[in-house]
Amino acid sequence: MATTQYDKKPEVGDLIEIFRGSYQHWAVYIGDDYVVHLAPLSEVPGAGASSMMSVLYDKAVVKREKLGDVVGNDRWKINNGLDKEYEPRPVHNIVSEARKLVGKELPYCVVQGNCEHFVTELRYGKAESRQVRKAGEVVMAAGIGTMVGLFFVALAGALFGGKNKKKEDTQ
């Protein structure tokens with residue numbers, strides 16, 4: 001198993017972020033080297049870009065597995081970054097709810113119900129995905145940039161294109 005970038009053992013209730021190349025997979029640590037995570041059928045350790053196929057699935061299974069088995073050779077870290085925004089739920093509630101969900105098939109949507117939504121709901125009682133939020137911000141910024149660029153092209157065309165037309169008319 002790849003080690004965490006901090007070489008720190010997770011505590012019960014910690015969120016584990018696993019770097020799978022172009023995206024991150026998430027799990028919640030429940031103790032004794034086990035995690036619970038929401039796994040689309042395409043999610044396998046070390047799958048990298050091939051796990052991007054998860055966008056095609058609308059169902060996923062909640063699994064309880066050894067942290068090392070889920071991580072495989074991928075880099076991972078403990079990431080409770082939303083602790084600054086939300087109060088974590090009591091650890092016994094996180095673990096109890098996670099264990100109750102193991103083996104259940106749940107709806108899966110990469111935008112509204114992915115593995116990060118799943119673990120943040122367990123830890124904070126709020127389903128949130130910073131990867132989805134970041135992707136939305138990038139798309140919005142690209143859209144605004146495109147609109148501004150088109151505005152300037154249209155403005156240049158109006159300012160300079162009209163002068164060429166007048167010259168042609170007078171000749």
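This passage describes side-chain contacts in a predicted model.

Four salt bridges were counted. One of them joins Lys9 and Asp33, with N and O 3.2 Å apart. Lys9 lies in the segment before β1 and Asp33 in the loop between β2 and β3 (34-40), so this pair ties together parts that are 24 residues apart in sequence. Lys9 is exposed, at 55% relative accessible area. Asp33 is partly exposed, at 37%.

Another salt bridge links Arg123 to Asp83, the closest N and O atoms being 2.9 Å apart. It connects distant parts of the chain: Arg123 belongs to helix α3, Asp83 to the loop between β5 and α2, and 40 residues separate them. Arg123 is buried, at 8% relative accessibility, whereas Asp83 is partly exposed, at 32%. Arg89 and Glu97 also form a salt bridge, at 3.0 Å from N to O. Both partners are partly exposed: Arg89 at 22% and Glu97 at 29%.

One aromatic pair was found. Tyr86 and Tyr124 are tilted, with ring centres 5.9 Å apart and planes at 50°. Tyr86 lies in the loop between β5 (76-78) and α2 (91-101) and Tyr124 in helix α3 (residues 115-124), so the pair ties together parts that are 38 residues apart in sequence. Tyr124 is buried, at 6% relative accessibility.

Arginine side chains also meet aromatic rings. The charged end of Arg64 sits over the ring of Tyr34, 3.7 Å from its centre. Arg75 lies over the face of Phe19, 4.0 Å from the ring centre.

Arg20 occupies the loop between β1 (15-19) and β2 (24-31). Arg20 is buried, at 1% relative accessibility. Its side chain makes a polar contact with that of Asp74, at 2.4 Å.

Definitions and conventions:
Residues numbered from 1 in each chain as written. Predicted model: local features only at pLDDT ≥ 70, side-chain atom pairs only at ≥ 80, totals over all residues. Heavy atoms only, no water. Phe/Tyr/Trp six-rings, centres within 6.5 Å; stacked < 30°, edge-to-face > 60°. Helix = DSSP H or I, 4+ residues; strand = E, 2+ residues; numbered from the N terminus. Buried < 20%, exposed > 50% of the residue type's maximum accessible area, 1.4 Å probe, protein only. Lys NZ or Arg CZ within 6 Å of the ring centre and 35° of its normal. Polar contact = N/O pair within 3.5 Å; in protein donor to acceptor, adjacent residues only side chain to side chain. Salt bridge = Lys/Arg side-chain N within 4 Å of Asp/Glu carboxyl O.
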